[in-house]
Amino acid sequence: MEKAITPRTKWIIFNSPSNPTGAAYSHDDIKALTDVLLRHDHVMVMSDDMYEHIVYDGFRFATPAAVEPELYDRTLTVNGASKAYAMTGWRIGYAGGPQSLIKAMAKVMSQSTSNPCSISQWAAAAALNGDHSFLATRNAAFKQRRDMVVEMLNAADGISCSKPEGAFYVYPSCEGVIGKQTPGGAAIETDEDFARELLEAEGVAVVFGAAFGLSPFFRISYAAAMDQLQDACGRIQRFCGSLR
Ligand SMILES: Cc1ncc(COP(=O)(O)O)c(C=O)c1O
């Protein structure tokens with residue numbers, strides 16, 4: 001990160017747990033990054049904490065403004081109701097940060113969308129202030145799906161998948177199938193080829209890694225029912241097994 005920062009750098013954007021990988025930074029990981037940021041006081045920090053509540057195996061969520069109070073005045077922490085409360089369609093996000101920045105954001109919003117509808121605002125207030133005990137139950141279900149998906153992907157020829165700490169994505173490598181061909185003779189030269197041929201052959205939709213800037217990988221969202229995931233992973237195994 002130190003090497004990537006130049007005098008023209010305006011913002012660093014953190015996203016942990018991450019979309020698309022599900023990887024999450026520990027307190028110490030973040031401290032190492034905030035130590036770098038302390039040396040570059042022209043850089044603003046935005047932390048997208050959307051998956052704050054979706055973590056597994058006792059992982060402790062951390063965020064830059066809490067890890068490094070000295071960065072507080074140049075950190076914008078954003079979050080929303082979409083993931084923890086499964087309220088994607090309600091369109092509620094929120095942010096905490098320096099007063100001047102929040103004021104400017106409010107000005108832009110009030111001149112563009114005016115506001116998210118008041119029904120959504122009341123629903124989000126109920127979600128944020130209400131009982132959170134469902135999070136543990138839901139995370140246990142997500143963890144079960146993650147573990148099954150990771151295991152089934154690792155059993156597919158040419159696929160290797162690490163087990164992420166949070167969110168509801170896995171980001172397996174498909175390096176082992178690059179250079180192969182489908183039974184119909186289509187060459188798999190990139191992760192985009194892999195995603196397209198998988199969709200054509202088995203009707204399974206994944207997002208190819210080049211779309212996120214890191215190849216040869218692909219993203220799977222396991223925010224789906226266990227039997228659908230099992231079926232999809234079985235299809236991925238069959239597809240990978242058919243490549244030569
Ligand atoms: C990293 C990240 N931030 C924020 C969001 C939430 O977006 P929205 O509030 O538009 O539903 C998502 C949803 O995919 C996400 O992956």
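In the predicted model, the lining of the largest pocket draws at least two residues from each of three elements, namely strand 3 (75-80), strand 4 (93-96) and helix 3 (99-112). Of the contributors to this lining, helix 3 gives the most, with five residues. The lining comprises 22 residues in total, and the space within the largest pocket amounts to about 690 Å³. Lying nearest the centre of the largest pocket are Ile 92, Gly 93, Tyr 94, Met 109 and Pro 116. Classified by residue type, the lining of the largest pocket consists of 10 nonpolar, nine polar and three charged residues.

The second largest pocket has a volume of about 220 Å³. Strand 1, spanning residues 11-15, gives the most to the lining of this pocket, with four residues. The residues that line the second largest pocket include Ile 12, Ile 13, Phe 14 and Asn 15. Met 1, Ser 16, Ser 18, Thr 21, Ala 23, Ala 24, Tyr 25 and Leu 33 are also among the residues lining the second largest pocket. By class, eight nonpolar and four polar residues are found in this lining, and charged residues are absent from it.

The ligand is surrounded by Asn 15, Asn 19, Asp 48, Met 50, Tyr 51, Ser 82, Lys 83, Thr 88 and Arg 91. The shell is made up of two nonpolar, four polar and three charged residues.

For Arg 91, a polar side-chain atom is placed 2.6 Å from an oxygen atom of the ligand. A polar side-chain atom of Asn 19 lies at 2.8 Å from a ligand oxygen atom. In the case of Lys 83, the distance between an N or O atom in the side chain and an oxygen atom of the ligand is 2.9 Å. On its own, the ligand has 400 Å² of accessible area, of which the protein covers 70%.

With regard to annotation, an unreviewed UniProt entry lists residues 1-235 as "domain: Aminotransferase class I/classII large". In the model, the span of residues 1-235 is 36% helix and 12% strand.

Technical notes:
Residues numbered from 1 in each chain as written. Predicted model: local features only at pLDDT ≥ 70, side-chain atom pairs only at ≥ 80, totals over all residues. Heavy atoms only, no water. 1 Å grid on protein atoms, 1.4 Å probe; cavity = no way out; pocket = protein on both sides within 12 Å on 5 of 7 lines; lining within 4 Å. Points joined across faces, edges and corners; volume = space filled by probe spheres on them. Nonpolar A, V, L, I, M, F, W, Y, C, P; charged D, E, K, R; others polar. Near = heavy atom within 4 Å. Polar contact = N/O pair within 3.5 Å; in protein donor to acceptor, adjacent residues only side chain to side chain. Areas by Shrake-Rupley, 256 points an atom, 1.4 Å probe, with all protein chains shown as cover. UniProt positions renumbered as here; feature names shortened; annotations may be inferred.
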